[in-house]
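Here is a short briefing to read alongside the structure.

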Amino acid sequence: MTNVRFDVITLAPQAILPLRTLGVIGKAFRANIAELYIHNPRDYAEGNYRKVDDEPYGGGTGMLLKPEPVFATVEALPIIEPRRTLLMSPQGKLMRQADLQRWANTYKQLILICGHYEGFDERIRILADEEVSVGDFVLTGGELPAMLIINGTTRLLPGTLGKSECLTQESHSHSLLEYPHYTRPARFREMEVPDVLRNGDHQAIQLWRTKQQKLRTVQRRPDLLSHDSNDN
């Protein structure tokens, strides 16, 4: 049974296609843990030239994505409830791990609208339940942010990763960064694995890991702590 269906609306389908075959995410699609459908607004554009962009009213540089093809694409999609429509936008809310968890746990269908060119007609925003940004920077299109959402959401679905407990221990799962990891050899170029990880005392190991999570978060990303009122 499929957990989530992704419908990506993009003028660059070839950018999204590799997700179907690469790594554990591709494996999840092949196992029907999730489904990925890609839709090109140009297929829904009118006229002989299938025009999807036009000049902005009032002047300005660049071209804007027209509303008609995008609306037509969204309206042609099957409706699977509960669903959520996400618009990739540098003006949107900054995406966090909690958003990925919410989308994975709540919705059966995620519609991802990718902008292109200089931007998109303002009326396209009405289609979105949420506008999503992946950082304070601007890209040439919304395909990379959409791929991040697909990857980050799919890996949280049951069956994608081997051990579900690893999801609760990694960075950002509880507003804390992940603790340090070590493997063999125990000593490498004068750098040694901490003794606590080699003594077999699982309670001491857990305490060390928890302390390292808090220490790393304070040192590297103190801003994360402000998002969790329960974190002292």
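Seven helices and 10 strands make up the secondary structure of this protein. Please keep in mind as you look around that the model is predicted.

**The protein as a whole**
- The C-alpha trace spans about 70 × 40 × 35 Å along its principal axes.
- The protein has 232 residues, and 41% of them count as buried.
- Its accessible surface comes to about 13900 Å², with 51% of that belonging to carbon and sulfur atoms.
- Among contacts with a separation of 6 or more, 75% are between residues 24 or more positions apart.

- Three strands, in the order 3-4-7, form an open sheet with mixed pairing.
- Strand 3 (53-54) and strand 7 (119-120) are the edge strands, and each pairs on one side only.
- Strand 3 is joined to strand 4 (residues 64-65) in the antiparallel sense, over two bridges.
- To find this pairing in your viewer, look for D54, whose bridge partner in strand 4 is L64.

**Helix 4 and its two faces**
- Helix 4 covers residues 97-106, and its buried residues are Q97, D99, L100, W103 and A104.
- Viewed down the axis of helix 4, these buried residues fall within an arc of 160°, so they line one face of the helix.
- On the face turned away from that buried side, helix 4 carries the exposed residues A98 and N105.
- What covers the buried residues of helix 4? The cover includes strand 1 (4-9), strand 5 (83-94), strand 6 (109-113), strand 8 (130-133) and helix 5 (143-154).

**T85, a residue of strand 5**
- T85 has its place in strand 5, one of the elements that cover the buried residues of helix 4.
- Is T85 buried or exposed? Its relative accessible area is 6%, and buried means under 20%, so T85 counts as buried.
- Setting aside neighbours within four places in sequence, T85 is in contact with I111, I113, L127, A128, D129 and E130.

- F137, L139 and L144 make a nonpolar surface patch of about 280 Å².
- One of these residues, L144, lies in helix 5, and helix 5 is also among the elements covering the buried residues of helix 4.
- L144 has a relative accessible area of 52%, and the cut-off for exposed is over 50%, so L144 counts as exposed.

Methods:
Residues numbered from 1 in each chain as written. Predicted model: local features only at pLDDT ≥ 70, side-chain atom pairs only at ≥ 80, totals over all residues. Heavy atoms only, no water. Pairing = 2+ DSSP bridges. Helix = DSSP H or I, 4+ residues; strand = E, 2+ residues; numbered from the N terminus. Buried < 20%, exposed > 50% of the residue type's maximum accessible area, 1.4 Å probe, protein only. Arc of directions from axis to C-beta. Contact = heavy atoms within 4.5 Å. Patch = residues over 30% accessible without salt bridge, like charges linked within 9 Å, V, L, I, M, F, W, Y side chains within 5 Å. Areas by Shrake-Rupley, 256 points an atom, 1.4 Å probe, with all protein chains shown as cover. Salt bridge = Lys/Arg side-chain N within 4 Å of Asp/Glu carboxyl O.
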